[in-house]
Amino acid sequence: MSTTVGLLAGLLTTGCWLPQLLRSWRTRSTGDISWTYLAVLTAGVGLWFVYGVMTAAVAVIATNVATVVALLTLATFKARFERRPEEAV
């Protein structure tokens with residue numbers, strides 16, 4: 001039962017990244033997201049993953065892998081969208 005609760009919590013907290021990813025993709029804009037934020041959050045989520053492995057907590061492992069994937073996707077968008085030349089106004 002506790003694993004089910006953990007997986008549900010992880011689904012909700014990880015799923016919250018979907019609207020941000022979709023918005024970033026549609027607008028091709030990530031200017032309001034700082035590299036420091038992405039780096040620190042990704043490091044923290046990575047440590048939660050390590051904790052999940054150390055304690056064999058399936059819900060912690062699964063949700064943090066999914067969150068790292070979302071964060072790396074967002075970082076990829078940020079790198080790609082910041083590189084393109086400014087469009088003429």
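## Helices behind the nonpolar patch

Helix 3 (35-55) and helix 4 (58-83) each supply at least two residues of a nonpolar patch; helices are DSSP runs of H or I with at least four residues, numbered from the N terminus. The model is predicted, so local features need pLDDT of at least 70 and side-chain atom pairs count only at pLDDT 80 or more, while totals for chains, interfaces and linings use all residues. Residues are numbered from 1 along each chain as its sequence is written, and side-chain values use heavy atoms, with hydrogens and water left out.

The patch lies on the surface and is formed by Phe-49, Val-50, Val-53, Met-54, Val-65 and Val-69, which together have about 530 Å² of accessible area. Areas come from the Shrake-Rupley method with a 1.4 Å probe, and for residues only the protein chains shown count as cover. Patch residues have over 30% relative accessible area and no salt bridge, and nonpolar side chains (Val, Leu, Ile, Met, Phe, Trp, Tyr) are joined within 5 Å. A salt bridge is a side-chain nitrogen of Lys or Arg within 4 Å of a carboxyl oxygen of Asp or Glu. Helix 3 gives the most to the patch, with four residues.

Helix 3 has 21 residues and reaches 30 Å from its first C-alpha to its last, close to the 30 Å expected at 1.5 Å a residue. The expected span is 1.5 Å times one less than the number of residues.

Leu-38, Val-45 and Gly-52 of helix 3 are buried, that is, under 20% relative accessible area, with exposed meaning over 50% and partly exposed in between. Seen down the axis of helix 3, its buried residues fall within an arc of 50 degrees, so they line one face of the helix; the arc is that of the directions from the helix axis to the C-beta atoms. Helix 4 is included in what covers these buried residues, where contact means heavy atoms within 4.5 Å. On the other side of helix 3, Thr-36, Val-40, Leu-47 and Met-54 are exposed. Val-50 lies in helix 3 and counts as partly exposed because its relative accessibility is 40%.

## Positive phi in two loops

Most residues other than glycine have a negative phi. Arg-28, in the loop between helix 2 (17-27) and helix 3, has a positive phi near 55 degrees. At 32% relative accessibility, Arg-28 counts as partly exposed.

Ala-56 counts as exposed, at 60% relative accessibility.

Note on methods:
Patch = residues over 30% accessible without salt bridge, like charges linked within 9 Å, V, L, I, M, F, W, Y side chains within 5 Å. Buried < 20%, exposed > 50% of the residue type's maximum accessible area, 1.4 Å probe, protein only.
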